[in-house]
Amino acid sequence: MIHARGLARTFRKKKQEVHAVAGVDLDVEAGEIVGFLGPNGAGKTTTLRMLTTLLAPTAGTATVAGCDLVTDPVGVRRRIGYVSQSGATYPDARAGEEVVDHARLYGISTAEATARGKQLFRELDLDGLWERQPKSMSGGQRRRLDIAVGLVHVPGLVFLDEPTTGLDPQARANLWQHIRGLREERGTTVFLTTHYLDEADALCDRILVIDAGRIVAEGTPDELKSQVGGDVLTVTVEHAETAGRVAALMAALPGAEVPQVLDTRVVGRAPQGGAALMTLVRELDAAGIAVAGIESRRPSLDDVFLDLTGRSLRESGGPAGPGGPAGADRTADKQPQEMAR
Amino acid sequence: MSTATTAPPSPATTGPTSSVARDTYTVFARAMRMSLRNPAWLVISLMQPILYIVLFGPLLEPLSSQLGSGNAYQLFVPGILVQLGIFGALFVGFGLIAEYRAGVIESQRVTPASRTALLLGRVMRDVVVLLVQGTLLVLVSIPLGLRAPVIGVVLTLVVIALLGAAFASVSYALALTLKSEDAFAPLLNAVVLPVLLLSGILLPMTLAPGWLQAISDVNPLKHVVEGARSFFDGDYGSSTAWWGAGLTVAMGLLGWWFGVRRFRQESS
Ligand SMILES: Nc1ncnc2c1ncn2[C@@H]1O[C@H](COP(=O)(O)OP(=O)(O)O)[C@@H](O)[C@H]1O
Ligand SMILES: [Mg+2]
């Protein structure tokens with residue numbers, strides 16, 4: 001469905017070059033749900049805008065839905081749907097009208113577009129909002145309207161840019177269900193971006209982790225997690241003075257990494273967390289250290305990201321943006337307004 | 001690997017390709033609907049020409065002997081028509097910036113719709129609005145004393161429609177480039193005032209001293225205004241009339257070329 005090689009885009013702003021996307025290779029097969037996971041400013045939107053013909057790549061090639069991006073953009077447009085990060089509806093229009101007008105630009109008749117639009121409204125819990133103006137809809141309703149607009153022409157491949165941002169947990173879960181349904185009922189291929197770990201984990205068959213314009217890892221959620229060196233062990237001690245001794249015990253476990261001490265918490269990693277936990281419990285007991293809590297858990301995608309980039313996605317994914325250095329080749333140009341484009 | 005084998009065929013991928021005419025109509029109908037839904041816009045657009053005629057026209061009446069024309073409205077109405085055609089149209093870009101910000105432009109650009117249609121549909125709405133305003137202006141002027149041949153008025157409205165289309169295209173192209181009211185408004189202000197003063201729209205440039213006339217001679221809009229006045233005088237054969245019309249066609253082609261070129265580029 002999507003085959004891209006060396007796709008890159010450099011923005012030039014006031015003599016400064018921003019390498020928003022710095023050479024991305026990706027392959028998405030028909031019927032897959034693939035997630036593009038990365039912090040704000042990683043280059044997700046820019047990649048999507050290139051793959052949807054909105055932005056010309058400065059380097060690289062791609063075929064999307066069987067059509068070449070550069071030589072047959074109209075072919076690509078005919079076969080894809082796109083839900084942009086920043087929305088697609090005019091505040092003063094009527095919800096239903098936005099869907100119908102959009103469908104008409106694909107050559108669909110008004111009658112058929114209306115029927116499909118109303119069907120989508122039912123599926124996306126937008127019942128009764130056909131005549132409503134987007135400006136008087138809630139953020140979540142507007143987001144679902146954007147999605148209805150992007151799906152009304154029943155594309156075989158859809159691009160969803162941060163589809164669940166601004167939705168409450170229940171609406172998110174609903175939308176995930178709808179996205180899975182697209183694949184199951186229609187065989188639709190879905191390529192989505194997200195900076196939510198749980199979303200990538202719950203929804204995607206395969207994840208591409210992007211950071212600073214480059215893909216840094218790729219695989220199923222399980223494959224990615226197993227790349228992380230072992231399970232995560234956390235011990236919380238009663239008295240902070242004993243944390244150092246716990247850290248020493250943890251470091252001595254077979255195959256363990258040097259643990260981190262955060263006040264009364266000691267966090268480390270070891271292969272086969274269950275067995276390691278047993279050993280640790282016995283040693284802590286023998287040493288007479290008072291323990292408030294102890295656990296071993298499978299690594300999360302955040303641990304994957306931390307491992308790959310040295311930063312936590314939870315921290316760098318915040319809307320405030322310029323938290324940490326996003327890579328040596330970027331500029332300080334990271335205003336949220338810019339990224340919304 | 002093809003979509004046909006993996007996804008059930010849907011009219012979207014196998015149906016007829018959308019045509020420029022159909023897309024243009026879709027974009028036009030949508031733009032028109034949005035405009036008509038805005039009562040403030042509707043009232044202002046219709047009141048504007050009437051206010052000019054009713055509140056400014058009487059100032060010219062005592063001057064008419066000096067202006068060398070039998071009738072002040074014969075001078076004044078063509079000028080206001082040209083002004084509507086230019087300045088009404090130049091401001092349409094603000095609407096496009098609002099649409100851009102809402103994501104509507106990107107969402108239309110990701111469809112297979114012809115890029116030309118995305119521009120043409122909007123420009124057609126602007127031309128229709130302009131023709132309604134222009135006709136209203138002429139009708140209101142008649143009881144106040146306008147005397148002009150019907151053919152002359154119709155020819156003038158055609159010229160104004162073309163002029164409006166040109167300036168609307170340019171306005172959309174600039175708006176799509178600048179994408180912000182903060183950049184677009186000062187640009188318009190910088191252009192509008194000198195062009196207005198040097199076009200003889202409000203008062204004929206024949207009243208001006210020599211140096212001012214010389215400057216205004218290089219302003220094509222001055223010739224458009226004078227051409228429209230000739231049409232209103234019934235001088236269809238005069239070189240003034242056809243210079244104005246010819247320059248309008250030239251500006252129309254240039255404005256259209258500029259607009260289409262911008263709409264075909266990526267939006268970046
Ligand atoms: N139109 C643009 N002009 C200039 N810089 C841009 C533009 N779009 C994006 N960028 C820059 O490219 C980088 C990647 O942005 P983006 O693709 O939006 O990231 P993401 O979607 O992953 O948050 C950012 O540094 C952003 O400021
Ligand atoms: Mg983004």
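Here are some questions and answers on this predicted model.

Q: Which protein atoms are the donors of the magnesium ion (ligand 2)?
A: To count as a donor here, an N, O or S atom has to sit within 2.8 Å of the metal. The protein donors of ligand 2 lie 1.9 to 2.2 Å from it. They are A:Thr45 (OG1) and A:Gln85 (OE1).

Q: How many residues apart are A:Thr45 and A:Gln85, and where does each one sit?
A: A:Thr45 belongs to helix H1 (residues 44–51) of chain A. A:Gln85 is in the loop between strand E6 (80–83) and helix H3 (95–104) of chain A. So the pair links distant parts of the chain, which are 40 residues apart.

Q: Is A:Thr45 buried or exposed?
A: The cut-off for buried is under 20% relative accessible area. A:Thr45 comes in at 12%, so A:Thr45 is buried.

Q: What does A:Gln85 count as, going by relative accessibility?
A: Anything between the buried limit of 20% and the exposed limit of 50% falls in the middle class. A:Gln85 has 27% relative accessibility, so this residue counts as partly exposed.

Q: What area do chain B and chain A bury between them?
A: On the contact side, 39 residues of chain B meet 44 residues of chain A. Carbon and sulfur atoms carry 56% of the buried area. The total is about 3700 Å².

Q: In the salt bridge between A:Glu97 and B:Arg37, how far apart are the closest N and O atoms?
A: Chain B and chain A share seven salt bridges, and a salt bridge needs its nitrogen and oxygen within 4 Å. The one joining A:Glu97 to B:Arg37 has its closest N and O atoms at 2.8 Å.

Q: Which element gives the largest share of the side of chain B that touches chain A?
A: There are 13 residue pairs in polar contact between the two chains, both residues being at pLDDT 80 or more. Elements of chain B giving two or more residues to that side include helix H1 (3–6), helix H3 (20–36) and helix H7 (93–102). The largest share, eight residues, comes from H3(B).

Q: Which residues does A:Pro73 touch, not counting those up to four places away in sequence?
A: A:Pro73 is in helix H2 (residues 73–79) of chain A. Its C-alpha is 8.3 Å from that of A:Thr52, 21 residues apart along the chain. The residues touched by A:Pro73 are A:Thr53 and A:Asp68.

Definitions and conventions:
Residues numbered from 1 in each chain as written. Chains lettered and ligands numbered in written order. Predicted model: local features only at pLDDT ≥ 70, side-chain atom pairs only at ≥ 80, totals over all residues. Heavy atoms only, no water. Donors = N, O, S within 2.8 Å, 3.2 Å for Na, K, Ca; no water. Helix = DSSP H or I, 4+ residues; strand = E, 2+ residues; numbered from the N terminus. Buried < 20%, exposed > 50% of the residue type's maximum accessible area, 1.4 Å probe, protein only. Contact = heavy atoms within 4.5 Å. Buried area = accessible area lost by both parts, 1.4 Å probe. Salt bridge = Lys/Arg side-chain N within 4 Å of Asp/Glu carboxyl O. Polar contact = N/O pair within 3.5 Å; in protein donor to acceptor, adjacent residues only side chain to side chain.
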